[in-house]
Amino acid sequence: MEQDKFRLYPIKKFNLTKEQIANNYEEYDLEETKQKLLKENKGYNQRISSDGIYTFFVDCDGYNDAITKVIKLLIKYLDEKYDISISKKDVSYTKNKGKEGSYHIAIPCIYGKCKKIKEIVEKELKECSGHNIDHIMRVFNMAVHLAKGENVDLEVIKISTLLHDIGGKKEMDDPTGKTDHAIESAKMARPILEKLGFSADKIDHICDCIISHRYKNEHEPKTLEAKILFDADKLDAAGAIGLARGFAWIGKNGAHIYKKADNLDDYIKENLGGKINGRIQDKTKHSAHI
Ligand SMILES: [Fe+2]
C-alpha cells in the first residue's frame, strides 16, 4: 500500500491568490513532515508550545474594527499565556485589498528562539554570581538599546547576547584560570544554534560576537554587532551594578575587597599569567582593586 503523504504549505509572501496558495505545497511522509515542522522555518503554520520554537500567524477575516485592537490582544495573550514579550513594532501584518476586513498577521520565530535560549542559559548559569541570568538580561536590554538606529542584524545581537556567558560556569569551576568563558560559550552555543535551525553564516557571526566579547582575550570585536555586545557587557560592569557584581564575585570566590600586593609585578607574574589583564589563577589571592 502506498504510504500516506502529508501536504505542507510554505508561506513565502502573503499576496498570493487562493489558487496559487492551493497549488503551492510540498508533500512528505509522516516522519519527514514532523522533521520539517520541527526544524524548518518556512512559514508553515506551527503550534505554539511554551517551550518550543514557533512562527505565529493570525488569519483575520470579516473584521471591521481597527487591526491595532487585534494586535494589542495578541501581545497581551502571548505575554500572559506564554511569557513571550513583544511590542507593537514586532508584529507585521498585511491587509488583503481584495477582501474587506481580511488581514494576515505574523510574528517572527526569533521570539520563540530567544525564550528557549534564555531557559537553557538560565539553567546553565544558576550557580554563577555576577554572570547569572540577571546580568544576561541587563546586557540584552542594553545591547538592543545601543542597536537602535544602527544598521545591524538585530537577531545576531539578541542571540549572541543571550549566549555570551553560557560557558561562565566552566571558567568559574576551573581553579587554574586557564578556561576562557568566551571561548567556552561559543563552543556551547554552536550545537544549540544548529538545533534551533540557524543558518551556518548566522551561527558563525553569533559565535564570533561571543568569542570577542571578552577584553581579556586576543579576539577583538570586528563587526558592529560584536562591538555592541562588547560595549553592552562592559557597561554592566560600570556604576552601582558593576560594584554590586564585584562584591558578589568577591563573596563567591573568597577574594579580597582591598588587599595591596607586596610587589605588583610579582603578583602579575604569579597570579595573572604575566599580564595585568591576564586570567586570574587563584581567585582567593585576588583583590578587586587590582
Ligand atoms: Fe557578560
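A residue is buried if 20 or more other C-beta atoms lie within 10 Å of its own, exposed if 12 or fewer, and partly exposed in between, with C-beta atoms placed from the backbone. Ala 106 has 17 C-beta neighbours inside 10 Å, so it counts as partly exposed.

This is a predicted model: local features need pLDDT of at least 70, side-chain atom pairs count only at pLDDT 80 or more, and totals for chains, interfaces and linings use all residues. Residues are numbered from 1 along each chain as its sequence is written. Here pLDDT is the predictor's confidence in each residue, from 0 to 100. Its mean over the protein chain is 80, and 81% of residues reach 70 or more. Over residues 43-54 the pLDDT is below 50. Where pLDDT is low, the predicted coordinates should not be read in detail.

The protein chain holds 12 helices and five strands. These are DSSP runs (helices H or I, at least four residues; strands E, at least two), numbered from the N terminus. Of its 290 residues, 23% are buried.

Ala 106 sits in strand β5, residues 103-107. Val 58 is 48 residues from Ala 106 in sequence, yet their C-alpha atoms are 6.4 Å apart.

Now the helices. The axes of α6 (residues 154-163) and α10 (residues 224-235) come within 9 Å and cross at roughly 40°. Axes are lines fitted to C-alpha atoms, for helices over the stretch in contact, and angles run from 0 to 180 degrees between N-to-C directions.

Methods. Two residues are in contact if their C-beta atoms, placed from the backbone, lie within 7 Å.
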